[in-house]
Amino acid sequence: MSEKEFIEADSLLHDRMVYFHDHFRSSFASIENKARKMKTTKDIQIISSLVSQFNHHLHAHHSIEEAHIFPSLAQKMPEFQKKGKLPDDHKAIHDVMAELSTFVVNLTVDKKDELILLLEKVNTTVFSHLTAEEASIKGENLLKYFTLAELRVILSH
């Protein structure tokens with residue numbers, strides 16, 4: 001396989017996915033920064049809004065993956081199958097995001113340390129998944145399971 005074909009395989013899915021994942025990284029960093037500086041009820045309102053937006057966008061992203069991307073990759077890649085690691089991660093992420101969403105509903109300034117600990121838990125759960133997913137969809141890894149022609153077809157819709 002030529003270097004040009006590896007680059008094309010990367011651009012078909014990996015590079016596009018990293019674009020979205022980087023948005024999640026940036027958004028979550030904003031939540032963490034706001035939490036560390038939290039002092040007022042206005043800060044709490046902003047954190048609550050940011051958490052809600054992050055949760056909504058992450059859920060939408062995972063819904064798209066599970067409906068349109070994972071089934072095609074699952075044909076040959078066990079980590080994408082219904083009982084594979086990556087779909088299982090989505091459940092764990094959903095659970096920790098539900099915990100965070102519930103927590104911020106009753107957030108007060110004196111719960112700042114608890115919030116930071118919970119954000120660390122969310123960070124570990126979400127971003128270890130994104131890193132594993134990105135490794136799985138690197139062109140080099142995809143080409144272990146699919147031909148470039150198959151990838152073009154799978155990822156064209």
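At what angle do helix α2 and helix α3 pack, and how far apart are their axes? This is a predicted model, so select and look.

**Stop one: α2 and α3.** Select residues 14-36 for α2 and residues 41-74 for α3. The two helices pack at an angle of about 160 degrees. Their axes lie 10 Å apart. Angles over 145 degrees count as roughly antiparallel, and α2 and α3 are therefore roughly antiparallel to each other. The crossing of α2 past α3 is left-handed.

**Stop two: the contact.** Show side chains. From α2, the contact includes Met17, Phe20, Phe24, Phe28 and Ile31. From α3, look for Ile46, Ile47, Leu50, Val51 and Phe54, among others. His21 and His23 of α2 also take part, as do His57 and His61 of α3. By type, the contact residues divide into 13 nonpolar, 6 polar and 3 charged.

Helix α2 has 23 residues. From first C-alpha to last, α2 reaches 32 Å, close to the 33 Å expected at 1.5 Å a residue. Now colour its buried residues: His14, Met17, Val18, His21, Phe24, Phe28, Ile31, Glu32 and Ala35.

**Stop four: α5.** Select residues 112-136. At 1.5 Å a residue, the 25 residues of α5 should span 36 Å. The end C-alpha atoms of α5 are 36 Å apart, which agrees. Its buried residues include Leu115, Leu118, Leu119, Val122, Val126 and Phe127. Glu133, Glu134 and Ser136 are also among them.

How values were computed:
Residues numbered from 1 in each chain as written. Predicted model: local features only at pLDDT ≥ 70, side-chain atom pairs only at ≥ 80, totals over all residues. Heavy atoms only, no water. Axes fitted to C-alpha atoms, helices over the stretch in contact; angles between N-to-C directions. Helix = DSSP H or I, 4+ residues; strand = E, 2+ residues; numbered from the N terminus. Parallel < 35°, antiparallel > 145°, perpendicular 65-115°, else oblique. Left-handed = near helix turned anticlockwise from the far one by under 90°. Contact = heavy atoms within 4.5 Å. Nonpolar A, V, L, I, M, F, W, Y, C, P; charged D, E, K, R; others polar. Expected span 1.5 Å × (residues − 1). Buried < 20%, exposed > 50% of the residue type's maximum accessible area, 1.4 Å probe, protein only.
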